[in-house]
Amino acid sequence: MELAVKTLDGKAAGKATVDPAVFGLEDIRADLLHRTVRWQLAKRQAGTHKTQERGDVSVTTKKYIRQKGSGGARHGARNAGIFVGGAVAHGPRVRSHAHDLPKKVRKLALAHALSSKVKDGSLIVVSEAKLDEAKTKDLSAKFKALGVENALIIAGGEVEANFAKAARNIPNIDVLPVAGLNVYDILRRKQLVITKEALEGIGARFDVNAKEGK
């Protein structure tokens, strides 16, 4: 399977060969994408939410109302949830929201996310992501020539310093090294821009996973 390659200026720069098992899937499985996005976002949650339980509320433990004759319930403490200033019943506790997701599912979901961009015509392959100077104005002009407005840029092993500095001031543009490629960031942007070096990294990533049975 071949994809057209362009320069940052929008000019043709040949073609790149990619694995159809990664970029050419036709039947995109939304269930896999959904499971993987939930898994990613769950890992990000701090889980530090907490309310005061009865043991956390500092009040007197003296029985404040007589046992009989009041016409009301026989309460023995003011820290019950029904009183103002009392505890919260069944409130959230500090915990981890993370859950397991098989590596094979994560790998397959990444392939479906990449294939979805190819299928939608939202994948752009560029020869390289480098700039002579870190000027946002120049990079914005190059993006305009490419038709890029809302995109995730996947560079090679490392993001070139000038490119990273120029891109960080442009709204709706994210830049990641190929090692940071993930399903959530692919789906949250309308377009996906990948360098030729990043394509090689993606291919190696899937080959290694296949050899290790991951």
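Me: Is S115 buried or exposed, and what is its relative accessible area?
Reply: This is a predicted model, in which local features need pLDDT of at least 70 and side-chain atom pairs count only at pLDDT 80 or more, while totals for chains, interfaces and linings use all residues. Residues are numbered from 1 along each chain as its sequence is written, and side-chain values use heavy atoms, with hydrogens and water left out. Buried means under 20% relative accessible area, exposed over 50%, and partly exposed in between, with a 1.4 Å probe and protein chains only. S115 therefore counts as buried, its relative accessible area being 1%.

Me: Which residues does S115 contact beyond its neighbours within four places in sequence?
Reply: Contact means heavy atoms within 4.5 Å. S115 is found in helix α3; helices (H or I, at least four residues) and strands (E, at least two) are DSSP runs, numbered from the N terminus. Leaving aside those neighbours, the contacts of S115 are V22, F23, G24, L25 and I28.

Me: How far apart are the end C-alpha atoms of α3?
Reply: The expected span of a helix is 1.5 Å times one less than its number of residues. With 17 residues, α3 should therefore span 24 Å, and this agrees with the distance in the model, 24 Å.

Me: Which backbone atom does the side chain of H112 reach?
Reply: H112 also lies in helix α3 and is buried, at a relative accessible area of 6%. Not counting residues up to four places away in sequence, H112 touches L25, D27, I28, R29, L32 and L33. At 3.1 Å, the H112 side chain reaches the backbone nitrogen of R29.

Me: Which residues of β4 are buried on each face?
Reply: In a regular strand the side chains alternate between the two faces of the sheet. Strand β4 covers residues 151-154, and both of its faces are covered. The buried residues are A151 and I153 on one side, and on the other L152 and I154.

Me: What is the handedness of the crossover from β4 to β5?
Reply: Two strands pair if DSSP finds at least two bridges between them; β4 and β5 (residues 173-176) pair in the parallel sense over four bridges. The chain crosses from β4 to β5 through helix α5 (residues 161-167). A crossover is right-handed if, with the strands pointing away from the viewer, the path from the first strand over the helix to the second runs clockwise. This β-α-β crossover is right-handed.

Me: Which residue of β6 is the bridge partner of L152?
Reply: β4 and strand β6 (residues 191-195) run parallel, joined by four bridges. In β6, the partner of L152 is L192.

Note on methods. A polar contact is a pair of N or O atoms within 3.5 Å; within protein, one must be able to donate a hydrogen and the other to accept it, and residues adjacent in sequence count only if both atoms are side-chain atoms.
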